[in-house]
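Q: Hey, can you walk me through this protein? I'd like to get the overall layout and then some helix packing.
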Amino acid sequence: MNAPPNRIGAEAIAAKGWLAAHKWLFLRRISQIGILLLFLVGPWFGWWIVKGNLNFSYTLNLLPLTDPYLLAQMLVAGKTPEQLAWIGVAIVVVFYFLVGGRSYCSWVCPVNLVSDLASWLRTRLGLKGGAHLSRSARYWILGMTLVVAAVTGTIAWEMVNPVSMLHRGLFFGVGFAWAVVLAVFLFELFVMRQGWCGRLCPVGAFYSLIGKLSLLRIRLPQREACNDCMDCFAVCPEPQVIRPALKGVDGAGPAILAANCTNCGRCIDVCSKDVFVFGTRFGDKVEKISPSAKRIAPAA
Ligand code: SF4
Ligand code: SF4
């Protein structure tokens with residue numbers, strides 16, 4: 001049974017305390033805000049620890065990092081990236097191949113802060129329903145942005161990409177950048193929960209492809225202990241990824257292997273039965289469908 005909005009996670013807080021029931025959320029916020037600050041202390045105070053932005057950065061004049069989606073757009077647009085950009089992209093691809101591509105979404109991308117705020121407010125205000133859109137729409141948009149880059153010979157998408165816009169808004173206070181970010185917030189608040197990040201964003205879609213076979217995964221060593229409180233479904237930004245591993249649907253083992261799990265760790269936080277932990281994709285033994293599998297439906 002679904003908990004009322006203000007009771008989601010209450011069992012976990014009672015069972016293990018407030019801090020343990022928010023541990024991964026807290027660590028993610030430190031990561032997201034810390035990364036933003038690393039970028040901002042350069043232009044704000046002249047402390048150039050990191051130069052650049054999320055598209056391309058150079059840390060301590062030593063570590064280049066390049067967004068692979070940007071590089072893909074450049075390539076199809078017929079542009080030739082510099083050698084440093086290639087090194088940067090290799091580092092990023094190897095990193096997210098190991099930790100899960102969409103870890104970028106929950107641990108790095110600043111738009112996740114906006115999206116999480118809209119989700120939280122939506123739950124608090126009791127807003128339900130909204131528009132319906134397939135979660136595969138983001139892959140079509142990803143394809144279209146690459147076609148646009150090839151046809152126009154430019155990385156046109158970056159002019160409206162909310163991820164780049166939010167950075168630009170913080171750096172330069174650009175009005176249009178904030179308008180794009182506000183549009184994402186209002187869309188996710190009033191039109192569709194996780195409408196941007198869970199359905200439309202081509203950046204997240206691209207990173208999901210990088211992390212399809214990633215090593216780091218959420219494991220469910222105690223899935224038999226699940227009491228069907230549904231709190232994990234309520235907080236998960238991609239709830240469709242939970243059910244197969246939780247209920248052993250079609251013989252699925254106790255690990256979430258879906259590429260769109262963002263490794264945010266909220267399911268670990270809000271589970272009072274400690275069903276979820278961080279682990280690897282290995283040791284995923286095949287099991288029969290649990291009798292309660294048919295009762296569980298992923299949240300919209
Ligand atoms: S889906 Fe896109 S905007 Fe949302 S967190 Fe991921 S990269 Fe950022
Ligand atoms: S399954 Fe857990 S870690 Fe994965 S996206 Fe959902 S809440 Fe986050």
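Predicted model: local features only at pLDDT ≥ 70, side-chain atom pairs only at ≥ 80, totals over all residues.

Q: OK, which domains is the protein divided into?
A: There's domain 1, made of 5-20 + 217-295, and domain 2, which covers 49-210.

Q: And what separates their centres?
A: Taken over C-alpha atoms, the centres of domain 1 and domain 2 are 26 Å apart.

Q: How many residues are in contact between the two?
A: On the domain 1 side 16 residues take part, and they touch 17 residues of domain 2. Together the two domains bury about 1,100 Å², with 40% of that on carbon and sulfur atoms.

Q: Switching to helices: at what angle do H6 and H9 cross?
A: Roughly 30°, with the axes of H6 (residues 111-124) and H9 (residues 175-191) coming within 8 Å. Angles under 35 degrees count as roughly parallel, so H6 is roughly parallel to H9.

Q: Which residues make that contact?
A: From H6 they include Val 114, Leu 117 and Leu 121, and from H9 they include Val 181, Phe 185 and Leu 189. By class, the contact of H6 with H9 has 11 nonpolar, 1 polar and 2 charged residues.

Q: What about H8 and H9, how do their axes cross?
A: H8 (residues 162-172) and H9 cross at roughly 130°, and their axes come within 8 Å. That makes H8 oblique to H9.

Q: Left-handed or right-handed?
A: H8 passes H9 in a left-handed crossing, while the crossing of H6 with H9 is right-handed.

Key: Residues numbered from 1 in each chain as written. Chains lettered and ligands numbered in written order. Heavy atoms only, no water. Axes fitted to C-alpha atoms, helices over the stretch in contact; angles between N-to-C directions. Helix = DSSP H or I, 4+ residues; strand = E, 2+ residues; numbered from the N terminus. Parallel < 35°, antiparallel > 145°, perpendicular 65-115°, else oblique. Left-handed = near helix turned anticlockwise from the far one by under 90°. Contact = heavy atoms within 4.5 Å. Nonpolar A, V, L, I, M, F, W, Y, C, P; charged D, E, K, R; others polar. Domains from an automatic or database assignment. Buried area = accessible area lost by both parts, 1.4 Å probe.
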